[in-house]
Amino acid sequence: MRAVIIGGGMGGMFAALALREAGDVFDTIDVYEQTRKPSAAGAGLNIPPNGARLCHWLGIDLDGGDPKGEHGAIDGGRAAILEATRNINIDNSVSHKPILYNQPDQLAVGSGFHHMHRQDLLMCLHKRVYEFAPETGVRCPIRVHMGKRLTALAQDADTVTATFEDGTAATAELLVGADGINSAVRNQLWPSVSPRRWTEVVCYRGLIPRAQVAALRKLDGSPLDHNPIDSFSMDSRKDNRAWGMTYWVRGGELLNVWLAYYEPDSREFTEDWGDWRPIENSVVMESMQRAFDGDPRKDDMVALASAMENPTKWGLYDRDALEQWQDGRICLLGDAAHPMLPTFGQGAAQSFEDGAALSSCFKLHRNDVYSALLHYERVRHYRATRFQFMSKFAFKHLEPVDSPERQKILAAVNERDYPIFDHETRAGGDDAWIYNYDARNIGDKMPLTKLGPWDFRSREAVADARKDVMLNLWKPAVPHKGDRQVTRAELQQHSTFEDCWVIIRNKVYDISEWKDRHPGGPFVARMFAGKDATAEFGDFHSKLAERHMALFCVGDLVD
């Protein structure tokens, strides 16, 4: 068979390499990228063990290369393997935790946390892909076509055809949409899916060379309280409205700086700032002075902002989870399927997991494209969208207090549901479900659809708590009858966290009281009061849950 991949970023290049490992299923793999050369945008990112292990499997060199070499060189990834995470707390005290997944026995199988320049990762992916170029004479060559902007898709029972802006076309038995948050493939398949949504968070990012980090001083000339030069770590400074993170990339030669703050005033954006835009250091410094006003960590943050080379600014947008990722011979992968915020450090890794699972699905189902894509969706949808949803609530202005029911479930399952660089203890401590996961293990038969927040990974561990919670769900004294017709005007009168109506499959539910007792927690109410919450709240509930939700149904949305 032939495979066409739309998008030559990290997810698309990884998927091309992974599909070659599906045995002898594919004869050719073609990658079509809309830009004319690989993007240099961005700064640092994190490849955690669940993603790094898969790169090792495919021979992608995350660690090699010259850390002092030319910027944008097609080389090894030049990763920095950091020793620890540090939380610099609001009183300027420090908590320090070693990164356990970097032990030598785990590194031997390609695991560990790899902190990298985004372009270094893309270049080491290109390096590996070029080793399978047609001119090498290998089985199942990979061709990369630049400057190819998708304009149309068409499929029949046997093939799918992509047409590009330059008038050329490509036909194959499989098409993978790996073209990012603004996916043209997704827009062709499902043009009416929810638009991007601004999270009310403004971000800056940039890099500082090591020598300049060592020379950093506060504006008054005094040394920083906590200079990153003194610790080979990922450092986090966070409160309810602002967040600063630094970590080393390129073998420790560059410091990645990521700064974010809560900005509810939409006038901050006079245009679509969803992509990185150049910004002056003075603007970043002024923003950090406001964001950390009265905070003893402010002077360090302003100093870091002053030294960032070529800083960029962007507004963080997200999308609701999609109900499906596949249609016929076409599937979505990575940010096209599940765009997530950078707060959990799983964006790249989840796209790699997609590619690995897709490869295993074709290895199992071979030429049965329809079964392979359905299997892929079922093994990947729940896990990836869980990270997508959780990444939103790593911002404190969006994270409500857990319900007692949720606390009981979290304690029973002992799962860490926050990123490794966050030292909080609001849930369990076991993060093996995140970092020890191997996406290649898809089972030997088509799995059942998972049931979202009601379907926990270790049924034995949570059996008693789950039974206690699920069989004793809170009920309102006077249930709704679900027999009303609700207009959008009325819906907007109940659009706050405290007075919260939401839409689920065109029915309106009053979760004002229910949200604080829901086993999944009150998170949905924070984001979806007065809005459609189908994807995050309604898609994968059990029959028991659906019967219980009927108690809160106001009626049908009529306009």
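How many disulfides does a search of the whole structure find? In this predicted model, the search returns 0 disulfides.

The packing of helices H1 and H4 was examined next. Helix H1 spans residues 10–20 and helix H4 spans residues 118–130. Their axes lie 10 Å apart and form an angle of about 25 degrees. Angles under 35 degrees count as roughly parallel, so H1 and H4 are roughly parallel to each other. The crossing of the two helices is left-handed. On the H1 side, the contact is made by Met10, Met13, Phe14 and Leu17. H4 contributes Arg118, Leu121, Leu122, Leu125, His126, Arg128 and Val129. By residue class, the contact of H1 with H4 comprises 8 nonpolar, 1 polar and 2 charged residues.

Gly65 is located in the loop between helix H2 (49–57) and strand E4 (84–88). With a relative accessibility of 35%, Gly65 counts as partly exposed. Gly65 and Asp75 are 10 residues apart along the chain, and their C-alpha atoms are separated by 5.4 Å. When residues up to four places away in sequence are not counted, Gly65 touches Asp75, Gly76 and Arg78.

Conventions: Residues are numbered from 1 along each chain as its sequence is written. This is a predicted model: local features need pLDDT of at least 70, side-chain atom pairs count only at pLDDT 80 or more; totals for chains, interfaces and linings use all residues. Side-chain values use heavy atoms; hydrogens and water are left out. Axes are lines fitted to C-alpha atoms, for helices over the stretch in contact, and angles run from 0 to 180 degrees between N-to-C directions. Helices (H or I, at least four residues) and strands (E, at least two) are DSSP runs, numbered from the N terminus. Angles under 35 degrees count as roughly parallel, over 145 as roughly antiparallel, 65 to 115 as roughly perpendicular and the rest as oblique. A crossing is left-handed if the near helix is turned anticlockwise from the far one by less than a right angle, and right-handed if clockwise. Contact means heavy atoms within 4.5 Å. Ala, Val, Leu, Ile, Met, Phe, Trp, Tyr, Cys and Pro count as nonpolar, Asp, Glu, Lys and Arg as charged, and the others, Gly among them, as polar. A disulfide is a pair of cysteine sulfur atoms within 2.5 Å. Buried means under 20% relative accessible area, exposed over 50%, partly exposed in between (1.4 Å probe, protein chains only).
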